[in-house]
Amino acid sequence: MTGTVVFRPEDGSFRFEAGPIFHNFVLADEINRAPAKVQSALLESMGERQVTAGNTSHPLPKLFLVMATQNPIEHEGTYPLPEAQLDRFLMHVSVGYPDSQAERRILRLVRDEEGERTGDAFAAISQERIFEARREVHDVHVSSALEEYLVQLVLATREPEPYGDDLARWIEWG
């Protein structure tokens with residue numbers, strides 16, 4: 001996943017060959033089935049935006065996003081995700097079974113894909129446009145009162161008890 005150092009016999013050197021983690025968008029399917037070493041590599045990439053192979057750290061692309069799925073149904077052969085890794089994800093979305101209308105749309109979509117008929121494609125967005133949007137977000141003025149409110153909200157998610165039973169009941173982890 002991260003890549004490996006490859007020996008080059010023609011000149012006696014070693015060269016790093018980047019793995020799939022070096023893409024802009026990484027989908028880690030059923031992450032809870034990944035061994036601890038893979039989870040650790042994902043943790044480093046998400047937290048530090050780099051990958052270490054041997055004694056060398058390699059930076060990841062500026063535009064880097066990891067989405068992961070986990071299968072909560074069968075736990076045999078799974079590895080629980082440590083809180084430090086769960087903390088790297090922006091959100092946890094539980095997806096249930098689709099209703100009958102959605103099932104029909106899925107069937108049509110699969111038939112259309114198999115028949116190589118496609119609907120309207122989304123317009124591609126350049127990386128520069130994404131970076132431009134990031135800069136605009138960072139330029140939004142936030143008052144010191146709002147900053148203080150956000151800090152207090154974050155602190156309340158980590159230690160909900162001082163804020164009362166109602167808050168502690170709704171918050172699992174920071």
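Two residues are taken to be in contact when heavy atoms of each lie within 4.5 Å. The structure described here is a predicted model, in which local features need pLDDT of at least 70 and side-chain atom pairs count only at pLDDT 80 or more, whereas totals for chains, interfaces and linings use all residues. Residues are numbered from 1 along each chain as its sequence is written, and side-chain values use heavy atoms, with hydrogens and water left out.

The protein contains six helices and six strands, where helices (H or I, at least four residues) and strands (E, at least two) are DSSP runs numbered from the N terminus. Read from the N terminus, the order of these elements is β-β-β-α-β-β-β-α-α-α-α-α. Among the contacts in the protein with a separation of 6 or more, 54% are accounted for by residues 24 or more positions apart. Of the 174 residues in the protein, 17% are buried, with buried meaning under 20% relative accessible area, exposed over 50%, and partly exposed in between (1.4 Å probe, protein chains only).

Asn32 is located in the loop between β3 (25–28) and α1 (36–48). With a relative accessible area of 5%, Asn32 is classed as buried. When its neighbours within four places in sequence are left aside, the contacts of Asn32 are with Gln39, Thr69, Gln70, Asn71, Gly77, Thr78, Tyr79 and Leu81.

The second largest pocket has a volume of about 180 Å³. On a 1 Å grid over the protein atoms alone, a pocket is an open set of points where a 1.4 Å probe fits, with protein on both sides within 12 Å along at least five of seven lines, and lining residues have an atom within 4 Å of a point. Grid points are joined across faces, edges and corners, and the volume is the space filled by probe spheres set on the points. The lining of the second largest pocket consists of Met1, Thr2, Lys37, Val38, Ser40, Ala41, Glu44, Val51, Thr52 and Ala53, and the elements that give two or more residues to this lining are α1 and β4 (50–53). The most is given by α1, with five residues. By class, the lining comprises five nonpolar, three polar and two charged residues; Ala, Val, Leu, Ile, Met, Phe, Trp, Tyr, Cys and Pro count as nonpolar, Asp, Glu, Lys and Arg as charged, and the others, Gly among them, as polar.

Side chains of opposite charge can pair when their charged atoms come close. A search of the whole structure finds six salt bridges, each defined by a side-chain nitrogen of Lys or Arg within 4 Å of a carboxyl oxygen of Asp or Glu. One of them links the side chains of Glu10 and Arg8 (3.0 Å, N to O); Glu10 is exposed at 60% relative accessibility, whereas Arg8, at 26%, is partly exposed. Another joins the side chains of Arg135 and Glu128 (2.8 Å, N to O), with Arg135 partly exposed at 44% relative accessibility and Glu128 partly exposed at 43%. A further salt bridge is formed by the side chains of Glu136 and Arg129 (3.9 Å, N to O), and salt bridges that share partners join Arg129, Glu132 and Glu136 into one network.
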